[in-house]
Amino acid sequence: MKDSKKRLGEASAKLFGAALEGQGKGVMVGLELLALIDGSLRLNGDHKVLTNYTDKSPRMLMRSSDLARRLATRSPVDPSELDEILGAEGEQRAHTELLLQQLLEQLLINQNIMSKRRIQSWFGAYFFPYEPCLIHYDAVDDPIKSDMDNIDKMQQHRFKAFRNPEVFKRKKTKSVEPNTAYLPNIRRYKYRGGGSLAHLILRTDPDYERLERTRTGFTELLSGNKSSIAELMHRLNSKDLAQEREMSAESGETRYEEVLIMLNNAGVSSRWLETLRRGVDQLVSRRDRLAVPRIMEMLIDWVPYCLARFQIDRAADLLEPGTFWTPVVCMEPPDPTLRRQAREEVRRCEILLRNALERTLANDNSGEYDQKKISNGIDGYVGFTIGNLAISGMLSSLTGSRYVQLKPNLLRTICSCEINPKDGGMHIGIQEFFEKVLWEKHRLIVDPDTADEQGLTQQTNWAAFQHNSRSVEKILISTGYASRYSDATVLVRGEPK
Amino acid sequence: MLSEAIDFVGFINRHHSFGATSGEMVEELREDSDILPLDISTKLEKSVKGFIESSHVRLIVLTGDAGQGKTHLCRRILMEYGLPRDEAKSAISDRCNGEHTLLITSTGKELRIIKDLSEFNYSDGFLRISKALACSQTVLLLCANEGRLRAVLSESNPIAEQPELMKVGKLMNDSFTLGVAANRNDPEIRIIDLNRQSVTQGENPFALETIKYFAASSAWEGCSECDSHNVCPIKRNRDSLVDDKQGEKMRGALLMLLTTVERCGFTVTKRQCLALVAWALTGNLTCKTVRNRLDKTIRDDPGKWSLQEIIFGSLDNEKEIDRLPLLESIRKLDPGKNADPYLDQQIMESIGDNECMANGFVRSHLELRRHGARLRDIYRRERRRNFFENFEPSKAGKMMGLVHFDAFNNLMLNSPPQSIIVEARNILAAGLEAAQGLRRHGAQNSGKFCIVDPAFSSGRSGVAVISDIIDLPLIKLVERSAFWKLSLQNSDVEIICSYVDWLPRELVLYRDSGDLKTAIVMDLPMFELLGRMATGLITPIAMREIQTKLEFSLWHWSQKQGDRINTLKLCVDGQLKTLQIYPNEPIQEVNA
């Protein structure tokens, strides 16, 4: 009997292009993508990001920022590691260290987004890429091995302090002894392939002009002006235990050719690949008019959103060719009937994903498998998609009984990604936004006219949809993405005013 | 006479949208000539007449919300030129498509009117505007709402690229963004945005004239013959408005509410002003309802139908309030919801201990809730009554729940004293810091304004990275029209203030020698919010919203620095600190 976990991973890779597990959901997708692009920029120089699809295994520089992350999470740091950075020990150094810790803590991603549980370890904490210098790759605490980064095995005793009891409890393997020293090592922990799939989707863009624009955009975005934070991070990163090293982005699990074929034959779901590329191009082109942290925030919402929508449509297409997911949206404060429908949409989406994965497994004639284990395992894969939707702002909450809703962050991101100044004007009317953007491009039923067209107003009150559209309008106006004019016209823009 | 009064109450009720008919709300449908003609003169009317009489002007664009009185103004203009009321009315209905000459002005020009540009498709609209501009012997009075005008002038039709039309387009944009009404380089075009006018300003404020229009009519004389005149709430409301002593306070309170609503960013159209006064007078009651006591509250609870209760307490249903958006805005200023210790003490004494404490009467939670609701209702009514009947402008702000109301109003004076400006600017700067999540000790008196790096403006921990520190004197605070003049720096341009009944309603905060496009415009609610934030009252929702609005401006304000990469300014637990990061030297915390 083949390992059920491995089989599920293979099924997910066959269906979606990568083994997309729940652990790597949400912000991790965007962080991984940015780490890959930033890494290739630092290794290869300007405009060498998102290399052509013929480059099967692009190389890039990965850094762990482990020292900064350990400081930020108050994890063990050997005093000698900071000697060169903060000077000799004393009262002054203690003050500076405390200040540094407070500052770095502030740079971490809000823990509520990541997990309900308190993060125990430095490697479970990630910096938000407000500035390019804060982009880093995954790293974990690993038992010392001979091939570890630049660590002299003779100095093991110095680093015993890094042994993390929590990690030890988790890793119940025979090879790990209680006295084993653990050291940071650049290796995938929560970066589970969503970002590298997005990276592959971006660099296989058939529209060469757009690809070139995206490359330029990323180059300029990530190699922006030097700042004092960049200077600080540079100093800290230079003392990382897991030193920066060159790695391949899509090595191992990614069966490159198969993924390419899958992406080319994605059917109706291919619209989301196009949407992802279009949106990223728009975002990185707005660097003159939007602050870099905002572009980063939007990228981090946009990429998992598009991947999740791609997965759902891909699943729907597999089960019934030509179909796709057209959810009903219920805005705040929710109308009970509409909320019920919007909640059903989430359930439907879960069922679609589950059935599609099960069918892919069934079609794979590589022997029997443990049905129960598979069933449990599928939850993680479905969790990846649903988690992506929730964190990107398409569901009403991160956990619990959720329904489809457009949160302000996703609405802002959609505006910036879809309202293109080159496509006739800086702004579009709100009705056009509902019809041409939210419905035609994103297949979201928000306003009464679209609902009417889809025959939904027979079962749900027309006024509920009208309330929906008003609510969207209100959010856009309050965030500066729309303005109301004297004849009650509301124009939506791609940038806040 | 009695039947005349009955007709008149019906006529008033046709001015608001809560009854069965609301015919008087639309100019083309008004049949007021039978009962009372609406002839309220405004400054705008004189301005437009002046434009028509000017020898250069060929196109006068009137733009503004529906209900701002564009069509009404056209009719008034025709009547000014001697057309009888009926003829003017029929001209408005039949011949206002820009093709008919309606009259000849004293300068010998033909006056044509387009009463609504939305009646034509885009290309037709272009043609009519360009035709008017081409002919020196006509003057076209064009009424168009902003969206339509924008759409017509930005339509990707080659005709829109004509230099003349491009001039209109440019002036239109300047009008909406910089309040421009006329440019001496383009003497043939005038654009008036009616949304900039106020119903509470001018020699004869429209709101007061409206009250006079409804309340001072001779038709009310018939009421004394009615059996119910002693209990009639409509008559009582009308009397309270026209009474010499009491009426002045009531009118003052109503005018204050409308002025405040306008300063809160709401555009009060003339139609809405008429509707509000009409609604406040009758509450949609009719003479028949009153005489036959069809609504038992007229007998049991006459206070329910007082003017202030109709405005603030009568409608609970959101959908009904939606019919008059002004009502929703005005209710945010409900004096009934704001406690006043002295007044509340008096109310408590007048109610009596038993009622207040509910001693011994309450047997269940439900009863307790009911008792609470009853008490709340009493307090609210008394506070509202006090606001209207004992109206004092100096106390109005606090009664409406606006702590910084007086400070804002003082800044709206023609040329406020420098000390007031400096004080307000310092408060606003402290508020802006708080809005960025920064809590700095002594922010108001430090003479500095810190801009937080956008990455750190979430305010979730005690540390913030400061991207720039600006000396407070470099931040300027001016009234909106003064800012327009400053931005235009062009003596050839005239702004709208001199052409309409102007109410200063916004302030602008900008960085001196910075890009004026990054200035922060603030109305009364934003001023109030920042003022409260400066004192430490911050709600997360308000903060998130305000951060989005301010982010772009503050980001640009801090653009000029960038060479100080070796120092990192931080605000930690309210104190400024600096980290020095020099190559090959230890990182050190030094005094800020």
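## Chain B at a glance

In chain B, among contacts between residues at least 6 apart in sequence, 68% join residues at least 24 apart; contact here means heavy atoms within 4.5 Å. Chain B has 592 residues, and 53% of them count as buried. Buried means under 20% relative accessible area, exposed means over 50%, and partly exposed lies in between, with a 1.4 Å probe and protein chains only. The secondary structure of chain B comes to 25 helices and 15 strands. Helices (H or I, at least four residues) and strands (E, at least two) are DSSP runs, numbered from the N terminus.

A word on how to read this report: this is a predicted model, in which local features need pLDDT of at least 70, side-chain atom pairs count only at pLDDT 80 or more, and totals for chains, interfaces and linings use all residues. Residues are numbered from 1 along each chain as its sequence is written, chains are lettered from A and ligands numbered from 1 in the order in which they are written, and side-chain values use heavy atoms, with hydrogens and water left out.

## Where the two chains meet

The size of an interface is often given as the accessible area lost when the parts come together. Here chain B and chain A bury about 3500 Å² between them, 59% of it on carbon and sulfur atoms; buried area is the accessible area (1.4 Å probe) that two parts lose on being put together, summed over both. The interface brings 47 residues of chain B into contact with 40 residues of chain A.

What about polar links across this interface? The rule finds zero salt bridges between chain B and chain A, a salt bridge being a side-chain nitrogen of Lys or Arg within 4 Å of a carboxyl oxygen of Asp or Glu. It does find six residue pairs in polar contact across the interface of chain B and chain A, both residues at pLDDT 80 or more. A polar contact is a pair of N or O atoms within 3.5 Å; within protein, one must be able to donate a hydrogen and the other to accept it, and residues adjacent in sequence count only if both atoms are side-chain atoms. On the side of chain B that touches chain A, the elements giving two or more residues include helix H6 (146–154), strand E8 (463–471) and strand E13 (567–572). H25(B) gives the most to that side, with six residues.

## An enclosed helix in chain A

Helix H10 (residues 228–237) of chain A has nine of its ten residues buried, so it is largely enclosed by the rest of the structure. Among those buried residues are Glu231(A), Arg235(A) and Asn237(A). The buried residues of H10(A) pack against helices H3 (66–72), H4 (83–86) and H5 (91–107) of chain A, together with E8 and E13 of chain B.

## Nonpolar cores

The largest nonpolar core has 158 residues, and those with the most contacts inside it include Leu236(A), Phe433(A) and Leu476(A). A nonpolar core is a set of buried Ala, Val, Leu, Ile, Met, Phe, Trp, Tyr and Cys residues joined through side-chain atoms within 4.5 Å. Helix H13 (residues 292–319) of chain A supplies the largest share of this core, 15 residues. A second, separate core of 93 residues includes Ile234(B), Cys273(B), Trp279(B) and Ile451(B).

## Charged residues worth a look

Over all chains, the structure holds 53 salt bridges. In one of them, the side chains of Arg93(A) and Asp83(A) meet at 2.7 Å, N to O. Arg93(A) sits in helix H5 and Asp83(A) in helix H4 of chain A, ten residues apart. Arg93(A) counts as buried at 5% relative accessibility, whereas Asp83(A) is partly exposed at 37%. In chain B, Arg440(B) and Glu433(B) meet in a salt bridge of 2.7 Å, N to O, and both residues are buried.

Asp447(A) is buried yet has no salt bridge, and the nearest side chain of opposite charge, Arg443(A), is 11 Å away; Lys and Arg count as positive and Asp and Glu as negative, while His and the chain ends are not counted. Asp447(A) lies in the loop between helices H17 (430–441) and H18 (448–453) of chain A. Its side chain makes a polar contact of 2.8 Å with that of Gln431(A).

## Backbone details

A cis peptide bond joins Glu332(A) and Pro333(A), with omega about -20 degrees. Leu50(A) has a positive phi of about 50 degrees although it is not a glycine, and Leu50(A) is buried, with a relative accessible area of 1%.
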